[in-house]
Amino acid sequence: MAQLVGSLRKELADSLSSCKVLVVGAGGIGCELLKNLVLTGFKNIEVIDLDTIDVSNLNRQFLFQKKHVGLSKAQVAKESALQFCPTANITAYHDSVMNPDYNVEFFKKFVLVMNALDNRAARNHVNRMCLAADIPLIESGTAGYLGQVTVIKKGLTECYECQPKPAQKTFPGCTIRNTPSEPIHCIVWAKYLFNFVSSVSCSCSQLFGEEDADQDVSPDMADPEAAWNPKETAAESLASEKDGDIKRVNTKDWARSIRYDPVKLFNKFFKDDVMYLLTMDKLWKKRKAPIPLDWHHLEKTSPQEVSGGGGLKDQQVLGIWGQCQLFRHSVETLYSQLQEKGEGAELVWDKDEPAAMDFVTAAANLRMHIFSMNMKSLFDVKSMAGNIIPAIATTNAIIAGLIVLESLKILSGQIESCRTIFLNKCPNLRKKLLVPCILDSPSTNCYVCVSKPEATVKLNVHKTTILFLQDRLLKERFGMVAPDVQIEDGKGTILISSEEGETEANNNKFLSDFGIRNGSRLQADDFLQDYTLLVNVLHTEELERDVEFEVIGDAPDKAPPPQANQEEVNNIANGNKESSKQSTSAEDDIMIVDSDVEEQASSSSAAVATGATKRKHFDVDSESSVKRPRTDQSMTPSDDDDDEIMELD
């Protein structure tokens, strides 16, 4: 009879007490996981997290208390976990796992790594470090009531990057500035407005926050759809010089000169700028034209209209005059905050700052009203503006428990019995909430875990700069941290060096300046990740609008939409059917970024409803990614899938 230590075999219990494991992330899942590990018998644990504790964490990250707000999550999690098991040896790092100090040699000292992260870049990095160190990684995630746990092992399973994940949802600037058709467009515009306001000449300036030329909110005269002549139509604009004193110069200087007068700001953004848009008459031939708002007119016609509907305050949808009052109050509060900070001060938008949230809610709703969309409650706007799906503490606890169960299989030498396990919101046809699936084999098309990673990229070599290649393509798209790039031209021409200052002079030069053309090959090395990628360049001048490059072989973001009935299309308010309906949910517009909302559980409610045994991997930075078709065998649950008990040893 096997000797037991508690509920575990002695050999396994001894292994737990002697092995060293790394936990990356000390948020919602990380807190539950750290507690589970010490109570299961793990004695040597290292935990790393760059974040500090916020009051909003306290409802679900139970290792933290109010007195800990502002302190390091990793350090406080360590101290709290030691109260469960004082003999455990826990090392905490208040740092980013992407710091070069945590290199391949650092990862090699662990038997197992467990991820509890909140962003794709860090997940990609840890995935590559574990592949380079050849150690197992347990990846996990939750989104509301959904959750997922999976195991990644070099050469045995898919890595985290085997399946392409769609980029975070973005919107063309001209849509945000000229022709919004969905509430999310207006919310993005309002967030830009908080920080950034530009003049007609695109000379950016700040209203409350830091300036960024990419987040312009003024009418976009370069919109090719408008195809208008400003000189011919300038006389048509009835923009008020009296109310707003609009000269379309540096907006923050102008705002300061009027002492952030809410009425003048209101008439500029919701009257004058809208009337300016109306002069672009070609935009409104197939769209419902916006309707400008005038503060003084509204004050006379709707002074009694404050709110609509009952229920909780944050879930009420204010009337148009209520939104005006909210706008005025929030501007006055933000202006007083600027004055308290002193000359040259800036404010940073924060969804948990009431005045900032009120400003975005009011500004977004006023713009929705102008463009014939139903307005939203503060609760709905906050969900979309903060990119939040509510984190459920119970979901985190279930997923953390599953991580430990999978780790026990690995430490028992039974990695082949590990599974990807999905937590459903509703039972499937077999009446299961937990659905285990066989791990997928590595993808032969993966540009990370194959023996010789290679990718083909379509771009315009005459318009793509070296800095863009480094930041947007290699770092952002391919997840590198410190790339070194050379041209495979027989000379080894260096384009980018990770050594500071060595190739800085190349930054603003174009690829074509270095002789790069259609068919050229670039070798990109990231020595921190022990990763080399060969990039094949395909030159093209026919990329779609707002598309700067295209990685060949990427999965599409979504299937082609069904054809709408033409009669329906004609009745859509401002080109969008949903905008004409009252919404009580922000789920269509959100991207999950909360520290408890992790990247790998499915967001496909359809899969849950139909009882599918395999769901798509989901990604917190975007909508559901596309999963390749599976064979009939892999779609069929194995015999042990029918059992609720998973054998551990």
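**Labels and their criteria**

Modeller: The crossing of helices H2 and H15 is right-handed. The model discussed here is predicted.

Biologist: What makes H2 oblique to H15?

Modeller: Helix H2 (residues 28–40) packs against helix H15 (residues 393–411) at an angle of about 45°, their axes being 8 Å apart. Angles under 35 degrees count as roughly parallel and those from 65 to 115 as roughly perpendicular; H2 is therefore oblique to H15.

Biologist: Why is H7 called oblique to H13?

Modeller: The axes of helix H7 (residues 183–195) and helix H13 (residues 354–370) come within 8 Å and cross at roughly 130°. Only angles over 145 degrees count as roughly antiparallel, and roughly perpendicular ends at 115, so H7 is oblique to H13. The crossing of H7 and H13 is right-handed.

Biologist: Why are Asp51 and Lys73 said to form a salt bridge?

Modeller: The closest N and O atoms of Asp51 and Lys73 are 3.2 Å apart, and the criterion is a Lys or Arg side-chain nitrogen within 4 Å of a carboxyl oxygen of Asp or Glu. The pair therefore qualifies as a salt bridge. Asp51 lies in the loop between E4 and H3 and Lys73 in helix H3, so the contact ties together parts that are 22 residues apart in sequence.

Biologist: How do you know whether Lys73 is buried or exposed?

Modeller: Lys73 has 1% relative accessibility. Buried means under 20%, so Lys73 counts as buried.

Biologist: What makes the contact of Glu454 and Arg521 a salt bridge?

Modeller: The N to O distance is 3.9 Å, and the limit is within 4 Å; the contact is therefore counted. The pair links distant parts of the chain, with Glu454 in strand E15 (residues 454–459) and Arg521 in strand E18 (residues 521–526), 67 residues apart. Glu454, at 39%, and Arg521, at 32%, are each partly exposed.

Biologist: Why is Lys409 placed in its accessibility class?

Modeller: Lys409 has a relative accessible area of 2%, under the 20% cut-off, so Lys409 is buried. Lys409 forms a salt bridge with Glu406, the closest N and O atoms being 3.0 Å apart. Both residues lie in helix H15, 3 residues apart, about one turn of the helix. Glu406, at 0% relative accessibility, also counts as buried.

Conventions. Residues numbered from 1 in each chain as written. Predicted model: local features only at pLDDT ≥ 70, side-chain atom pairs only at ≥ 80, totals over all residues. Heavy atoms only, no water. Axes fitted to C-alpha atoms, helices over the stretch in contact; angles between N-to-C directions. Helix = DSSP H or I, 4+ residues; strand = E, 2+ residues; numbered from the N terminus. Left-handed = near helix turned anticlockwise from the far one by under 90°. Buried < 20%, exposed > 50% of the residue type's maximum accessible area, 1.4 Å probe, protein only.
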